[in-house]
Amino acid sequence: ICGRMVNIKTLLFLLAIVLGYISVLWLQQKPNKTFSPPEPAIACSVISLEETITPVLGTKHFVVAAYADNRDGRRTRIIGIINRNSGDKLYCVFCCGNRTFFTTTAEVQQHSDHFGFPYVTTDLLCEMAPVCKSSHVMVRGPSPSAGNGARFLPIQNQHQQEDEFPYEFTVCISNLFGNYNNVLQFIQTLEVYKILGIQKVMIYKTNCSQTLDKVLSYYKEEGVVEIIPWPITTVLNPSHGWNYAEHKGDLHYYGQLTTLNNCIYRNMYSSKYVLLNDIDEIIAPYKHRDLHQLMEHLNSQNPKAGVFLIENHIYPKNVFDETGRFSQQAEWKNVPGINILEHVHREPDRKEVDNPTKMIVNPRRVEQTSVHSVLKHYGESYRV
């Protein structure tokens, strides 16, 4: 018994020495800790997803949204609007999980379609550091300080699943502007979309009439429409047309190219297909009952294609259906806008002219898009 007590006392004595040694080491290291520096002067103030145009402090540039893009390395892709005449070097500042910052140089990829305007849709690509578990990023200019007004974009698409999607078809409507008031055509178009199998319509809204605002609220409550605020007129003088020589302004057509690219990335992992067309256009199959059957057929014939170009044809609004079946709809009499059901005659094919196209795309295959074709993509494209 006495021998066991001696062993226990010895063990307790050795344990006390070890604990004391560890405590000394901890006390020595604590003042010189380098892996988690003091909290920076600015906190990671976060921009909400409703704020779609954010100035880059100290520059003439703007950022719209940030997305994780792991298709070609572990990168963050920030969609922005860049002044083409500026040679600013830009940086991505990641807000890391331990409240530190990681800064890296941004690779600036201006889109090739700018139509001569001073501002252009641009991708800012930044490599992500493995040590930085970041969910937010900010873009800054040459100034080394982020400044007191620095605000961070949430990095979307962090969870990337390509097997099941909440939606099969989403339509991206690039812009509503000019107090848009074509209410009847808007309603008829959305109802046709639903018949064709489209579950969601994303609308970038600059402004519209009060009447159409009520319609938007109705479809939003129904779950069909998602409205993205697009206050482009508060930061730039956007053009009313596509040609700089004719229409002037800072940016092509109310930033149409920026909204289309943002819409693709915003729906990349929530929609199997994305349709890129305007509100006065309907991509309508005539050999299949709906878009689901059409895309099953096109995919079976073209398994490597991720971009499907649909030829555009005009149905003139001054040529009417002779039967008058839809001309006397009493319930539509006081609704402003064009009754598209009256216009059933298609403009003849012009053999000497290439008709422009709109698109149905697999968004996970698209890197950059223009209005009538994609600029960069993975896989093949197919002209339907």
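## Disulfide exercises

Cysteine 96 and cysteine 132 form a disulfide (a pair of cysteine sulfur atoms within 2.5 Å), with 2.1 Å between their sulfur atoms. The model is predicted: local features need pLDDT of at least 70, side-chain atom pairs count only at pLDDT 80 or more, and totals for chains, interfaces and linings use all residues. Residues are numbered from 1 along each chain as its sequence is written, and side-chain values use heavy atoms, with hydrogens and water left out.

**Exercise 1.** Describe the link of cysteine 96 and cysteine 132: handedness, location, burial.

*Solution.* 
- Start with the torsion. About the S-S bond it is about -110°, so the disulfide of cysteine 96 and cysteine 132 is left-handed.
- Now place the ends. Cysteine 96 sits in the loop between β4 and β5 (101-105), and cysteine 132 in the loop between β7 and β8 (136-140). Strands (E, at least two residues) and helices (H or I, at least four residues) are DSSP runs, numbered from the N terminus.
- Take the spacing. The pair links distant parts of the chain, 36 residues apart.
- Finish with burial. Cysteine 96 and cysteine 132 are both buried. Buried means under 20% relative accessible area, exposed over 50%, partly exposed in between (1.4 Å probe, protein chains only).

**Exercise 2.** Which parts of the chain does the pair of cysteine 172 and cysteine 263 tie together?

*Solution.* 
- Cysteine 172 and cysteine 263 form a disulfide with sulfur atoms 2.0 Å apart.
- The angle about the S-S bond is -85°, and the link is left-handed.
- Cysteine 172 lies in strand β10 (residues 167-176), cysteine 263 in helix α5 (residues 256-266). The pair therefore ties together parts 91 residues apart in sequence.
- Cysteine 172 is buried at 1% relative accessible area. Cysteine 263 is buried at 0% relative accessibility.

**Exercise 3.** How many disulfides does the structure hold? Is cysteine 208 buried or exposed?

*Solution.* 
- The count is three disulfides.
- Cysteine 208 has a relative accessible area of 10%, so it is buried.
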